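These notebook entries record what I looked up in the structure. I took the chains first, then their contact, then a sheet and some helix pairs.

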Amino acid sequence: MPSDADLSPTRSFQGLILTLQRFWAAKGCVILQPYDMEVGAGTFHPATTLRALGPKPWKAAYVQPSRRPKDGRYGENPNRLQHYYQFQVILKPNPPNLQELYLASLEAIGVDLKLHDIRFVEDDWESPTLGAWGLGWECWCDGMEVSQFTYFQQVAGFECAPVAGELTYGLERLAMYVQGVENVYDLNFNGGEGDEKVTYGDVFLQAEQEYSRHNFEAADTAMLFRHFADAEKACRLYLEAGAPESEGARHRIVQPAYDQCIKASHVFNLLDARGVISVTERQSYILRVRELAKACGAAWLKTEAGGHSSDQAAAA
Amino acid sequence: MPDLLLELRSEEIPARMQRRAAEDLKKLVTDALVERGFLYEGAKAFATPRRLALHIAGLPARGEAVREERRGPRVGAPEAAVQGFLKSAGLSSLDQATTVTDPKKGEFYLAVIERPGRETLDVLAEILPGIIKSFPWPKSMRWGAASAQPGSLRWVRPLQSIVATFGPETETPEVVPFSVDGITAGTVTSGHRFLAPEPFEVRRFDDYVQALERADVILDADRRKDIILHDARDLAFARGLDLVEDEGLLEEVAGLVERPVVLMGSFEERFLEIPAEAIRATIRANQKCFVLRQSGSEELAPAFLLVSNLVASDGGAAITAGNERVVRARLSDAKFFWETDKATKLEDRLPKLDTIVFHEKLGTQGERVARIAALAKEIAPLVGANPALAERAARLAKADLVTEMVGEFPELQGLMGRKYAALQGEPESVAAAIEEHYKPVGPSDRVPTDPVSIAVALADKLDTLAGFWSIDEKPTGSKDPFALRRAALGVIRAVIERSLRLPLASLLKGRFAGGGDERTADLLAFFADRLKVYLRDQGARHDLIDAVFALPGQDDLLLVVRRVEALGAFLSTDDGRNLLAGYKRAANILRIEEKKDGRAYDETPDAALAASGDPEERVLAEALAAARHEASAAVTAEDFAGAMRALSRLRAPVDAFFEKVTVNADDPALRKNRLLLLNALRAATREVADFSRIEG
């Protein structure tokens with residue numbers, strides 16, 4: 001049976017995840033599980049996109065499997081994957097010592113700050129599909145980008161008030177670094193040795209091959225175009241159905257609508273990977289998803305979690 | 001005299017913004033002081049990744065006292081006037097005012113108001129918050145709990161502390177009393193993020209700089225650059241290598257570290273198969289590292305220099321190893337791109353260009369390539385190039401845009417195409433043209449010499465210009481998003497520097513989507529404008545350029561330039577200056593008389609009538625006929641100096657004519673013929689230029 005040592009972040013992939021979860025749990029974050037839909041990045045999780053909006057404080061951390069259909073390499077590239085894990089931390093408002101907390105988390109996973117060169121290199125983040133942008137950095141460890149650090153300024157077209165700080169760790173890269181491994185598929189997943197050892201390749205290599213084939217060759221584009229249109233329509237339908245019944249009342253169906261926005265975004269990524277969207281159409285698809293995200297953001301601000309005060313609701 | 005020390009410490013400031021921000025800080029603070037009458041001896045601003053700092057030396061402790069005299073009413077004026085005066089002058093009774101006697105108006109009251117100078121400390125406390133709140137960062141942000149409220153402080157990244165002290169060298173300076181959005185100015189800062197994070201107190205600039213050095217922060221970016229450059233050269237030298245110097249990278253790297261430590265890493269020799277430019281591009285752009293050459297050779301060495309921000313406890317071994325891993329992965333990618341690219345011939349990539357939109361209204365890259373190829377073939381004979389080679393080069397010129405390597409490093413466009421073309425056995429001039437057809441890229445870039453390169457370069461630029469002219473996307477003011485001015489200048493420089501004869505009008509006509517003649521004329525006018533700017537930079541007179549362009553059919557830029565040169569040389573001689581004066585006189589008379597008579601005098605003068613008139617009249621008539629004929633023949637032969645010589649022979653007869661002959665003779669026939677003679681002078685000069693556009 002695996003020992004505690006096998007769960008050290010420098011010996012196993014899952015040890016890295018567990019360590020980050022414990023670290024951020026100790027800082028007051030709710031530790032969520034991955035969102036149960038296909039997304040391109042941890043930012044799409046409603047725990048980030050929606051919760052970043054409105055005045056209510058919020059602290060959460062979670063692993064999010066992220067799908068980038070275009071990045072598939074049939075399992076042949078040592079560090080490109082169409083499915084990988086992000087570890088996402090969102091703190092609203094950002095605490096004044098967020099950089100120090102981040103550095104402490106690196107120490108927790110075995111990066112000795114007296115030995116390694118950590119750098120904050122300018123990187124302005126923007127998500128055209130989410131209508132979001134922020135300022136921050138790529139965090140470099142000895143010349144390798146290991147995290148993104150962003151102060152959200154706007155999400156779904158709305159100013160963030162207060163601003164949330166978002167940290168995104170690229171788990172595979174970080175694990176490769178702390179384990180000293182050059183190929184992602186060689187990562188020790190469970191910390192076991194000999195027969196007990198399970199590698200990242202054991203878990204995901206076949207999936208990478210199959211999904212690359214699917215994303216580039218097989219995905220049913222006629223169906224996907226239909227799904228895009230359906231998701232777009234459903235999103236609007238749900239927002240309409242949950243719209244406030246009177247002036248100042250709350251919105252009642254935001255998260256199911258937002259799910260449809262997420263779905264449209266992923267379907268668009270698949271169509272893009274299949275190469276069936278032309279350059280000019282591409283922009284218009286991105287705009288259509290952004291319109292959904294904006295509508296969901298506007299609706300979210302009319303919910304309780306979005307900070308819509310109950311006085312307003314009662315008065316209505 | 002007291003000094004100001006100001007430090008604004010924040011989270012990491014983007015490297016590219018630091019230098020400008022330091023300058024802005026200096027300017028804003030010193031301008032605000034000067035505006036309030038506070039002069040200083042010197043000011044210097046600094047930036048590191050985590051702080052902006054400003055030192056202003058030699059400020060006065062307080063501003064100058066102001067003495068103001070205010071005149072009041074006459075002595076004995078009504079009570080209301082006296083009260084109004086006391087109130088406005090801030091006096092409680094007339095005892096505080098004096099009286100003055102004016103010889104005209106008699107005796108009146110005078111108040112002398114003395115205002116002491118303001119404390120500089122107070123003025124600084126008043127100025128600084130506003131400067132911080134409205135600092136001109138290119139991009140700024142809000143953060144933290146304060147950002148819940150509108151109007152919270154914006155800074156490039158979260159601002160963490162402010163040091164602001166003011167005082168003379170010999171005493172403990174005072175803190176400038178102000179705060180911005182909850183951050184209160186004080187005397188405490190901290191050093192290097194990892195090497196010396198503990199807070200410490202500073203008093204004034206001198207001890208601030210020293211304390212920072214003890215805390216592993218080198219405040220001055222230029223010193224950090226010097227350290228990096230010297231250490232890099234030394235490290236390279238010790239291994240028998242030369243640093244490939246790169247000022248842009250050096251500036252950027254100096255903005256990424258507070259305490260530079262240069263380390264050398266290496267990579268496997270096998271990566272040197274990748275073109276050197278691609279190795280450099282990947283190591284520079286992705287890793288911000290310097291590449292090295294074998295000493296005294298152009299060959300790259302399998303090594304690189306990185307600049308870390310840490311004096312590591314293991315001497316940098318782990319940092320070097322980590323960077324080597326990343327460089328290796330990047331070079332593996334580059335090698336993969338290089339090898340993948342080599343497997344596909346450039347012409348096999350062309351269909352892909354049909355799927356890429358060049359511009360919404362101008363079709364695909366594929367369509368563009370077809371246009372450029374046709375035009376290059378047409379231009380080739382005009383520039384001494386083989387038409388088949390020019391067409392071939394043009395067809396392949398954009399194929400590298402769809403290679404992996406150029407997809408990853410757009411700055412390698414052209415260069416990679418040349419490499420791939422050479423590898424697939426294209427003729428040398430075709431391969432060279434693929435790279436060189438983008439040239440000249442800027443004013444300091446060279447114009448290609450190979451005729452095939454020139455043909456493709458001209459075709460590319462003319463197609464771009466004609467295309468954007470067709471859809472009315474011309475440069476306006478400072479906006480030139482498609483770099484059309486640069487394209488036109490490239491054509492002009494190629495024509496002039498390589499002495500090319502290019503009939504622009506006929507080359508351009510038929511390349512516009514609609515309204516060919518009008519657009520050709522408009523684009524030629526644009527060329528004329530750009531040529532004027534170019535020639536003016538070379539010292540030519542803009543009026544001479546106008547004078548030549550005013551003639552019809554001036555679409556051969558080389559001839560325009562030669563004519564301008566000849567005209568300039570002619571007008572700098574006595575003959576030229578006098579002839580110009582004679583021309584102006586003739587033109588003035590004609591303008592007045594034509595207006596008076598309501599008709600134009602534009603027929604040929606009657607030679608017999610002239611011969612029977614004054615001798616000067618006869619001589620001028622003969623000289624004009626000869627000069628015009630000779631000038632015209634010389635222009636046709638493109639002998640502009642000869643044409644000027646022909647005109648120069650008119651000087652004496654023109655001078656003599658004006659001296660002896662009365663134009664407005666009483667005899668109407670004589671008068672008419674004399675006016676026609678003047679017109680003949682106008683016509684003769686028009687053989688070389690429109691003299692009416694010439695100043696002086």
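I count two residues as in contact if their C-beta atoms, placed from the backbone, lie within 7 Å. I also note at the outset that this is a predicted model.

**Entry 1: the two chains.** I looked up chain A and found nine helices and nine strands. Its C-alpha atoms fill a box of roughly 65 × 45 × 40 Å along the principal axes. I then checked the radius of gyration of chain A: it is 20 Å, which agrees with the value near 20 Å for a compact globule, because chain A has 316 residues.

For chain B I noted 26 helices and 18 strands. The C-alpha trace of chain B spans about 105 × 100 × 45 Å along its principal axes. The radius of gyration of chain B is 38 Å, whereas a compact globule of 696 residues would have one near 26 Å.

**Entry 2: where the chains touch.** I asked how many residues of chain B are in contact with chain A. I found 32 residues of chain B in contact with 29 residues of chain A. On the chain B side, β16 and α8 each supply at least two residues. The largest share of that side, six residues, comes from α8(B). By class, I recorded 17 nonpolar, eight polar and seven charged residues on the side of chain B that touches chain A.

**Entry 3: a sheet in chain B.** I next traced an open sheet of four strands in chain B, with the order β13-β15-β16-β14 and antiparallel pairing. Its edge strands are β13 (241-243) and β14 (261-266) of chain B, each of which pairs on one side only. On average, neighbouring strands of this sheet are turned by 35° against each other, direction ignored.

β13(B) and β15 (residues 290-294) of chain B run antiparallel and are joined by three bridges. Which residue of β15(B) is the bridge partner of D242(B)? I identified R293(B) as that partner.

I then returned to helix α8 (residues 317-342) of chain B. This helix lies across β14 and β16 (300-308) of chain B and runs at about 50° to β14(B).

**Entry 4: α10 with α11.** I turned to helix pairs, for which the description consists of the angle between the axes and the distance between the axes. Helix α10 (residues 365-379) and helix α11 (residues 387-396) of chain B pack at an angle of about 160°, and their axes are 8 Å apart. Since angles over 145 degrees count as roughly antiparallel, I therefore describe α10(B) and α11(B) as roughly antiparallel to each other. Their crossing is right-handed. From α10(B), the contact is made by V369(B), I372(B), A373(B), A376(B) and K377(B). From α11(B), the contributing residues are P387(B), A390(B), E391(B), A394(B) and R395(B). I classed the residues of this contact of α10(B) with α11(B) as seven nonpolar, no polar and three charged.

**Entry 5: α11 with α14.** I followed α11(B) to helix α14 (residues 428-436) of chain B, where the axes come within 9 Å and cross at roughly 45°. That angle makes α11(B) oblique to α14(B). The crossing of α11(B) and α14(B) is right-handed. I listed L389(B), R392(B), A393(B) and L396(B) of α11(B) in the contact, together with S429(B), V430(B), A433(B) and I434(B) of α14(B). The residues of the contact of α11(B) with α14(B) divide into six nonpolar, one polar and one charged.

Conventions
Residues numbered from 1 in each chain as written. Chains lettered and ligands numbered in written order. Predicted model: local features only at pLDDT ≥ 70, side-chain atom pairs only at ≥ 80, totals over all residues. Pairing = 2+ DSSP bridges. Axes fitted to C-alpha atoms, helices over the stretch in contact; angles between N-to-C directions. Parallel < 35°, antiparallel > 145°, perpendicular 65-115°, else oblique. Left-handed = near helix turned anticlockwise from the far one by under 90°. Nonpolar A, V, L, I, M, F, W, Y, C, P; charged D, E, K, R; others polar. Rg over C-alpha atoms; globule rule 2.2 N^0.38 Å.
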